[in-house]
Amino acid sequence: MNNGLKFGLIFLGGIALGALGTVAVSRGKLDLKPVAADLISRGIDVKDALMSKVEAVKEDMEDLTAEARQASEKRKAAKASREAGEVQA
């Protein structure tokens, strides 16, 4: 079976499954509201967990940046004091 025929059959199967799902939902035999609410609530939980991790990483990066700036300032001050000492000598 070539790839074109294979993908065509998969596409047609997806359309048929979607049509059956639409008919089932429209006739009211399938109540998706509780399933959808549970799925959305779990998605919100995942989003909250990810946002807390992102916030923790963001705080760590801000701390690291502040420490790097302090080290840079210290090196610049040491270099300036050495140059000032060489100029006076």
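**View 1. Lys47 is partly exposed, with a relative accessible area of 48%, and here it is with its partner Asp48.** The model is a predicted one, and its residues are numbered from 1 along each chain as the sequence is written. Local features need pLDDT of at least 70, side-chain atom pairs count only at pLDDT 80 or more, and totals for chains, interfaces and linings use all residues; side-chain values rest on heavy atoms, leaving out hydrogens and water. Lys47 and Asp48 join their side chains in a salt bridge, 3.8 Å from N to O (a side-chain nitrogen of Lys or Arg within 4 Å of a carboxyl oxygen of Asp or Glu). Asp48 is partly exposed too, at 41% (buried means under 20% relative accessible area, exposed over 50%, partly exposed in between, with a 1.4 Å probe and protein chains only).

**View 2. Asp38 and Arg42 pair up along helix 2.** Their side chains make a salt bridge of 3.2 Å, N to O. Being 4 residues apart in helix 2, the two are separated by about one helical turn (helices are DSSP runs of H or I, at least four residues, and strands are runs of E, at least two, numbered from the N terminus). Side chains of opposite charge can pair when their charged atoms come close. Asp38 counts as partly exposed because its relative accessibility is 36%, while Arg42 is exposed at 52%. Searching the whole structure turns up 2 salt bridges.

View 3. Asp63 sits in helix 2, which runs over residues 33-88. With 47% relative accessibility, Asp63 counts as partly exposed.

**View 4. Lys76 is another residue of helix 2.** Lys76 is exposed, at 55% relative accessibility. Follow the chain from Lys76 to Glu86 and you pass 10 residues in sequence, with 15 Å in space between their C-alpha atoms.

**View 5. Phe11 is part of a nonpolar surface patch.** Leu5, Leu9, Leu12 and Ile15 make up the patch together with Phe11, and it covers about 520 Å² (accessible areas come from the Shrake-Rupley method with a 1.4 Å probe, and for residues only the protein chains shown count as cover). Phe11 is found in helix 1, residues 3-26, and it is exposed at 56%.

**View 6. Val23 is also in helix 1.** Val23 counts as partly exposed because its relative accessibility is 39%. From Val23 to Leu12 it is 11 residues in sequence and 17 Å in space, C-alpha to C-alpha.

**View 7. Stepping back, the protein has 2 helices and 0 strands.** Its C-alpha atoms fill a box of roughly 95 × 40 × 15 Å along the principal axes. The radius of gyration is 31 Å, whereas a compact globule of 89 residues would have one near 12 Å (taken over C-alpha atoms, with the globule rule being 2.2 Å times the number of residues to the power 0.38). How much of the protein counts as buried? The share is 0% of the 89 residues. The accessible surface comes to about 8,100 Å², and 64% of that belongs to carbon and sulfur atoms.

Key
Patch = residues over 30% accessible without salt bridge, like charges linked within 9 Å, V, L, I, M, F, W, Y side chains within 5 Å.
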